[in-house]
2 protein chains.
Amino acid sequence: MAKIAVLGYGTIGSGVVEVIAENAAVISKNAAEEISVKYIVDIREFPGDPFEKLIIKDFSIVLNDPEVSIAVETIGGTGIAYDFTKSCLLAGKSVVTSNKELVATKGDELLKIAEDKNVNYMFEASVGGGIPIIRPIIQCLAANVINEIYGILNGTTNYILTEMINSKTSFEDALRGAQAKGFAEQNPEADIEGKDACRKIAILSDLCFGRHVDPDDVKTEGIKGITPQDVEYAAAAGYKIKLLGRALRTGDGRITAYTAPHLISAAKLPANVDGVMNCVVVHGNALGEAMFYGAGAGKLPTAGAVVADVIDTVKHREKRKTIKWDDGFPGYVTDSDLLSSRFYVRARCAESNIKGLFSPGGAEFIGNKTAPDGVCAFLTKETGGAELKKILAGLDILSVFRVLD
Amino acid sequence: MAKIAVLGYGTIGSGVVEVIAENAAVISKNAAEEISVKYIVDIREFPGDPFEKLIIKDFSIVLNDPEVSIAVETIGGTGIAYDFTKSCLLAGKSVVTSNKELVATKGDELLKIAEDKNVNYMFEASVGGGIPIIRPIIQCLAANVINEIYGILNGTTNYILTEMINSKTSFEDALRGAQAKGFAEQNPEADIEGKDACRKIAILSDLCFGRHVDPDDVKTEGIKGITPQDVEYAAAAGYKIKLLGRALRTGDGRITAYTAPHLISAAKLPANVDGVMNCVVVHGNALGEAMFYGAGAGKLPTAGAVVADVIDTVKHREKRKTIKWDDGFPGYVTDSDLLSSRFYVRARCAESNIKGLFSPGGAEFIGNKTAPDGVCAFLTKETGGAELKKILAGLDILSVFRVLD
């Protein structure tokens, strides 16, 4: 019998308790051992909750109970979650989490403590919610050199963009709709400004390229600047706009990692990942391209991924799982502006003002019958982001998004 | 230093040797140990091959060399491959394979021997080639009750169907094109009759539902019966035709598993998995739906998956990986004809001959301007396959395919 403590009884924490109760038979079978929740730590009251008798306020009870070998951290953030996680690891308890912010910022430190103490720090649920992605990368692709990874990593923004594309609504209306349906928080900044996707691509970069990426080094652009006109121009050219987190090797042992809206050909699979669903695309030198798709958030999908980590930890008491990455170095994450690609540009000017700025055929204008007068949009040939900024200097530029080819 | 032997120096076997040489740095890092090929066993001559000096004809050298702890079986089939695998496992050597036929038919027996001998028998590459699928199922979904799994499991047939859909060619022409491009073998029966997909869905059923499924119990229909007219009718109704392997729980501890062409809504992701690419869709009770996509075959993608299993085996010398399933029982795999769904039917008769056979609205006719006179096609409401056969008895039925809703 493995006894665990759940730290934080919010959406995911209560989902973990629910999955362990609901799927007890399959969990015991797969772990080859029964798993039960001994404590739920939360400072709030939950009168009438079916698991009320397990709820305690004092974390030190967990810390000092040798019977508890695994703690599930579903508090979120980098404050108490960090303190509790560190304390548990130092006390020789494994920790499983869905806390992407903590993994992205302190994962390297916490993994080192886990290694020293011969316990596990596991976080499958921190990226892609229920989508299996971390194990596929570190185990199934272990014989591949991974060259690139990108994905639709945030359900809220993907829901909003899908609404803008399918219902031709404005960003503001789509956001209000998402809030009304519970797909966006009342304070949606972390999602719509791309911070959540930024943390996730930082974690994926850590795993794929083997060095720590500070989320502060990941240039991050959200979806506020996308207008219905951009959506229409993109559609007219055969593309959809999606917010991607993306990271790739740039040579010389360095990478770039960034989060920004992209135009993706409507014929490609990620362009058809709609609503709150997420996907992750990975390129390995032996594998080629693979994609993982599923619910990137949500109580039960995420809780299922957390409990899978608990099962794996129970099965690996004798020999810990090895997840680790090296430190970064100054300049390891290069500026994404140096990365070449095609770009989509929308500008308040006539096509004739643009033509002379590019070599012949360098700007492919997009026809759009509903576009207002005095505005044009075009796709560039492959060019560096910084170079493009120089070319467009002085013009009234409304939108610039990268094209993912 | 882990020394391995590669049994069978064909496409996948030579890919394994190539990946180990090419990606030596990342492999050593991920395995925390260097991995080198000590022997390649093949009865053929390979003059001038860069690894010629490793090639031996006598398998007993591998068997009797205690330095070799892992054998890679890339022979294929259930003859010598079975003998060699069993001998290696009994001699206390782990075996890694891409041999779906052997895993599907003898996997349960070989896994039991591996368990007895405290070694591993691993086969990530046997389903979906390079697509990570087995670990995601047995590890990442370990806290889920899996209710259903299906997929486009064969690249050859998916290439042929994609050509039929996009280029409006006949099955015969598409097959010849696939053969010319090397996407279909000169003897393509195992692929086009669905046998390859059948073996893969049998293995996926073993893993998802925990009991052995004999491939002979999996009703299997290939793609020979699909005509350009079916493709056109499907398109007119908003569907694409894909060959799926599919397995699901049918209650009472039983499942059904079968391989057959299906109509899938063109808006769904699997309908847009084209060419030689494969996908696997899985439904978990906590996760909901997830999809894994990538190259389902091919030398390097498959070899990369084999080598990942070798790495995992090297890392788990002290504690073996537990993959196993229970025996089946008579009637465990129920007849897929008992499964209800909507169906697509094409018949040589007038619509008026059909209408009276179904309750009002029970047959939704598909308009198709290019259809020849005297032929009609329709979609039924949800009905059992056996029931539908009774209703249609006596009519000149040209095609019947299930609709995946």
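In the predicted model, chain A and chain B bury about 3900 Å² between them, with 60% of this area on carbon and sulfur atoms. The contact involves 48 residues of chain A and 48 residues of chain B. Across this interface, 2 salt bridges are found. D326(A) forms a salt bridge with K29(B), the closest N and O atoms being 3.7 Å apart.

Over all chains, the structure holds 58 salt bridges. In chain A, the side chains of R44(A) and D42(A) meet in such a bridge, at 2.9 Å from N to O. The two partners fall into separate accessibility classes: R44(A) counts as partly exposed because its relative accessibility is 45%, whereas D42(A), with a relative accessible area of 7%, is buried. Also in chain A, a network of salt bridges links K3(A), K38(A), D65(A) and E67(A).

Two further salt bridges were examined in chain B. K100(B) is bridged to D196(B), with 3.5 Å between the closest N and O atoms. K100(B) belongs to helix α5 (residues 100-117) and D196(B) to helix α10 (residues 195-209) of chain B, so the pair ties together parts that are 96 residues apart in sequence. K100(B) is partly exposed, at 24% relative accessibility, while D196(B) is buried, at 6%. In the other case, E45(B) and K57(B) form a salt bridge whose closest N and O atoms are 2.7 Å apart. Here both partners lie in loops, E45(B) in the one between β2 and β3 (55-56) and K57(B) in the one between β3 and α3 (59-63) of chain B; the parts tied together by this pair are therefore 12 residues apart in sequence. E45(B) is exposed, with a relative accessible area of 60%, and K57(B) is partly exposed, at 45% relative accessibility.

Aromatic side chains were considered next. A search of the whole structure finds 19 aromatic pairs over all chains. One of them is formed by Y344(A) and F401(A), which are stacked, with 6.0 Å from centre to centre and 5° between the planes. Y344(A) is located in strand β14 (residues 340-347) and F401(A) in strand β18 (residues 397-404) of chain A, so this pair ties together parts that are 57 residues apart in sequence. Both Y344(A) and F401(A) are buried. Elsewhere in chain A, a single aromatic cluster is made up of Y121(A), F123(A) and W325(A). Aromatic rings also meet charged groups in each chain. The charged end of R402(A) sits over the ring of Y258(A), at 5.3 Å from its centre, and that of K106(B) sits over the ring of Y82(B), at 5.1 Å from its centre.

Helix α11 (residues 228-236) of chain A has D230(A), V231(A), Y233(A) and A234(A) as buried residues. Seen down the axis of α11(A), these residues fall within an arc of 165° and so line one face of the helix. The elements of chain A against which the buried residues of α11(A) pack are α7 (155-167), β9 (239-251), β10 (254-265), β14, β16 (376-380) and β18.

K168(A), which is not a glycine, has a positive phi of about 55°. K168(A) is placed in the loop between α7 and α8 (171-180) of chain A, and counts as exposed at 63% relative accessibility. In chain B, phi of A32(B) is near 60°, again a positive value in a residue other than glycine. A32(B) occupies the loop between α2 (24-31) and β2 (35-41) of chain B, and is exposed, with a relative accessible area of 70%.

A further loop residue, I75(A), is found between β4 (68-73) and α4 (80-90) of chain A. I75(A) counts as partly exposed, at 34% relative accessibility. When residues up to four places away in sequence are not counted, I75(A) touches L7(A), G8(A), I80(A), A81(A) and F84(A). Between I75(A) and T322(A), the separation is 247 residues in sequence and 24 Å in space, C-alpha to C-alpha.

How values were computed
Residues are numbered from 1 along each chain as its sequence is written. Chains are lettered from A and ligands numbered from 1 in the order in which they are written. This is a predicted model: local features need pLDDT of at least 70, side-chain atom pairs count only at pLDDT 80 or more; totals for chains, interfaces and linings use all residues. Side-chain values use heavy atoms; hydrogens and water are left out. Rings of Phe, Tyr and Trp (its six-membered ring) pair if their centres lie within 6.5 Å; planes under 30 degrees apart count as stacked, over 60 as edge-to-face and the rest as tilted. Helices (H or I, at least four residues) and strands (E, at least two) are DSSP runs, numbered from the N terminus. Buried means under 20% relative accessible area, exposed over 50%, partly exposed in between (1.4 Å probe, protein chains only). A charge sits over a ring if NZ of Lys or CZ of Arg is within 6 Å of the ring centre and within 35 degrees of the ring normal. The arc is that of the directions from the helix axis to the C-beta atoms. Contact means heavy atoms within 4.5 Å. Buried area is the accessible area (1.4 Å probe) that two parts lose on being put together, summed over both. A salt bridge is a side-chain nitrogen of Lys or Arg within 4 Å of a carboxyl oxygen of Asp or Glu.
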